[in-house]
Amino acid sequence: MSKAVTKRSDAAAPPAQGQNRPKPPTPKVPPYLGLVVLAVAIFGFFFWTWEGTAVLFFPLGDTVLWAPRDPLIGLIIMILALLICWKLRVTPMGAFGGLAIIAITYWAGSNIHFIDRIAEVPGRLTGGNTRQQLVGYFNPDWSYLFLHNVAGTSRPIWGEWLITLCMAVVATIIGCFIGLLLAMLASPVSSFNKGTSQTIKAINSVVRSIPDVAWALLFAAFIGGTAYGLGALAAVLALIMFNIGIVAKLLSESIDAIQPGPLEAADAAGANLIQRDRVAVLPAVMPSFISYSLYVFELNIRASAALGVVGVAGIGGELSRQIGRMSQGYENVGAILWALVFVVLLVDLLSLSIRRKLL
Amino acid sequence: MSHGYKVSAAIVGAVLLAAGGFLLTYAPAAESSDVFSRMMWGLAIGAGAFALALTIYGLAYVGTRKQRTQAQQRSDAGHHQGGYTPDRLDMRPVKPVKFWYNMALIMIGVLFISSAAGTGMTLSALLEMPARIWDFGLQMVGGVAQVPDEQARGNWSSAFDAMLESVAIAWIGTIVGAIFSLPCGILAARNMTPLATYIPMRFILSVIRAVPEIVFAVAIFIPLLGVGPADRGGAMAGAFALGISSIGTLSKLISESIEGVDRGPLEASRAAGASHIQVIRWAVLPQVLPEVIAIWLYRFEVNIRASAILGALGAGGIGRLISPPNGLFGQRPYDWEAIGITLFVIIAITMLVDQTSGFVRHRVIHGKTVKQKKQKPGDLAAQEPDPPKSVAV
């Protein structure tokens, strides 16, 4: 998206006198006409899928694309944007970028009913229990957090926090270790051969594209239940997969970028692959490995609180239970959420201090 | 003593053995026993492993006593008999002491065992898992690979619906974050603002970063905008939660890249009499905009994954489709064919979006890849030089 490109080529022209500053040249017409055609085509697509018309995905079934309800407005906006770009003498590529952003935003906004929901907000604030809910969240019930037990058991609420922290620690240690091994295999610098690294990269991108909730649900099903004790195992396994994805991706990129000097020295001294990885690659990426591990630990705290929502152990399970019986009062949920912010802040500070000390 | 690696292998092995054995055999009744007491159990086991490791280390030390005395004698001999005394420069460099490194590893091991015990998970459940994974995996693959009948068509289309909704949520979240993050990033860059705005801005941004998305979603946006599928407002709530929480990270990254700009253009535009806003417009933005767009696109990828967890909480998108009590994983028995189809759609669309945004990012940062054509001698004059890489404004 490079706009205002040719400013520099004008500098070659003799400097203009006084007020006559050289203007950037008008962009070529045909690309802009093409963009107008594209805008009309987008309008046509929106018009075709208007009112939730099902669009055929060839053999697989119909999908509702929720095209914007007023495609004409979209067309007008797009044409106006193109006109403005023309006036500002933006290059066709930049104008194409702008057009794409407008079209996608228009589609996405209407997909989630942007305007309707915004229009509804004042009504919600005055009527309904929204106000009560917000007041409840900002007046948390601290005694619930420290003194009460999980309903129906003798487990205290703060014990659930401890379980959440434990899950995060276990998952971070195992996940980062496996992630280190996979990153070694995934980077062509330290891997056996090109094929291995490509395979591991493909597997890794599949692992990374499944969200952590889906992993948690999958493992809960694989283990055979979401009972309490098994729930922690499911959460830990899900977090491990989540961590492997992140660490392997980030670390293999930093392995790609290490200095070639130590590698060549190790090769020249006759090291085999494992010795070379041990003495040349590992020390070079160790600082970034440690900082990624700390980052992943922070992510794990957040994620393990959230994962409880799908029925695994830890504070998240209690959070989802409290959300389920929210009609009895919002102070308990408020307390958990405030405590979550507090714990995340503490972990941030801790990892910051460790990072300062180590690196 | 060149037994270092053997010793550390022994330590690691002992720790892992102790942990595995403990977790396989000790099956706490998690409902009755306390987390704290379980962690204490774990600590006790960890202490045992530590003692074991220390014993092995000590035995290794004692076992190599003879060699050590011989080495000592050899180095002493030089002094006494007036023979060849190794110079400091002739000797191999002294191996650095790895005591604290080893201690840190052991501490991590103890922490690991203790928290593994604290979670109360029973690893014996893992023994049945491979068979189930095989069974369910076959069903999932069968679901994806079958010729779609009426039900499968329904699964495909609902999966596509939910995933496209997730993409829409993530996009709107990214747009919201992008709109707010550029001014915030400029206000949080030390070389652009006075200290009086810099410090409060930094503080606000770090507060936003510390609050997880689920807190924004549950506490603010679900009450304000509604819960459930898109037409009841859940998707909007998710989008806004993602947007607000991306402001923190985006602004931090943007302010860092603004702090790293080249000072030359800034001074030049100031010397030409530009006001503060003109300096930002003509000297700062052209330098940072490719990086900023790359940061925004990266956040879009992150948001797609994050929207799943918000869906599980009642904001729309793919999370709503899969999570209990109403989703695919809430039904018993599990409909593995539908789950397989849904996972396939998730993977396909996420990877597609990643590839696209990766391509755009590469294009924005590195510019167009120019293919070197074979030049005929004649058309050298006709060829225009490639325009210099510059920046969208």
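The largest nonpolar core here has 175 residues. By nonpolar core I mean buried Ala, Val, Leu, Ile, Met, Phe, Trp, Tyr and Cys residues joined through C-beta atoms within 7 Å. Buried means that 20 or more other C-beta atoms lie within 10 Å of the residue's own, with C-beta atoms placed from the backbone; 12 or fewer is exposed, and in between is partly exposed. Val236(A), Ala238(A) and Ala217(B) have the most contacts inside this core. Its largest share, 18 residues, comes from helix H8 of chain A, residues 157–186.

Before going on: this is a predicted model, in which local features need pLDDT of at least 70 and side-chain atom pairs count only at pLDDT 80 or more, while totals for chains, interfaces and linings use all residues. Residues are numbered from 1 along each chain as its sequence is written, and chains are lettered from A and ligands numbered from 1 in the order in which they are written.

Back to Ala217(B). Leaving aside residues up to four places away in sequence, Ala217(B) touches, among others, Ile222(B), Leu310(B) and Leu313(B). Contact means C-beta atoms, placed from the backbone, within 7 Å.

Now chain A as a whole. It has 15 helices and 2 strands; these are DSSP runs numbered from the N terminus, H or I of at least four residues for helices, E of at least two for strands. Of its 359 residues, 42% count as buried.

Next, confidence. pLDDT is the predictor's confidence in each residue, from 0 to 100. The mean for chain A is 81, and 84% of its residues reach 70 or more. Over residues 1–13 of chain A, pLDDT stays under 50.

Consider helix H4 of chain A, residues 92–111. Its 20 residues should span 28 Å, and its end C-alpha atoms are 28 Å apart, which agrees. The expected span is 1.5 Å times one less than the number of residues. Buried residues of H4(A) include Leu99(A), Tyr106(A) and Trp107(A). Their cover includes helices H2, H3 and H5 of chain A, together with helix H6 of chain B. After H4(A) comes His113(A), with a positive phi near 55°.

Last, a pair across the chains. How do H10(A) and H11(B) pack? Their angle is about 60° and their axes are 7 Å apart. That makes H10(A) oblique to H11(B). Residues in the contact include Asp212(A) of H10(A) and Ala308(B) of H11(B). Axes are lines fitted to C-alpha atoms, for helices over the stretch in contact, with angles from 0 to 180 degrees between N-to-C directions. Under 35 degrees counts as roughly parallel, over 145 as roughly antiparallel, 65 to 115 as roughly perpendicular, and the rest as oblique.

Conventions
Contact = placed C-beta atoms within 7 Å.
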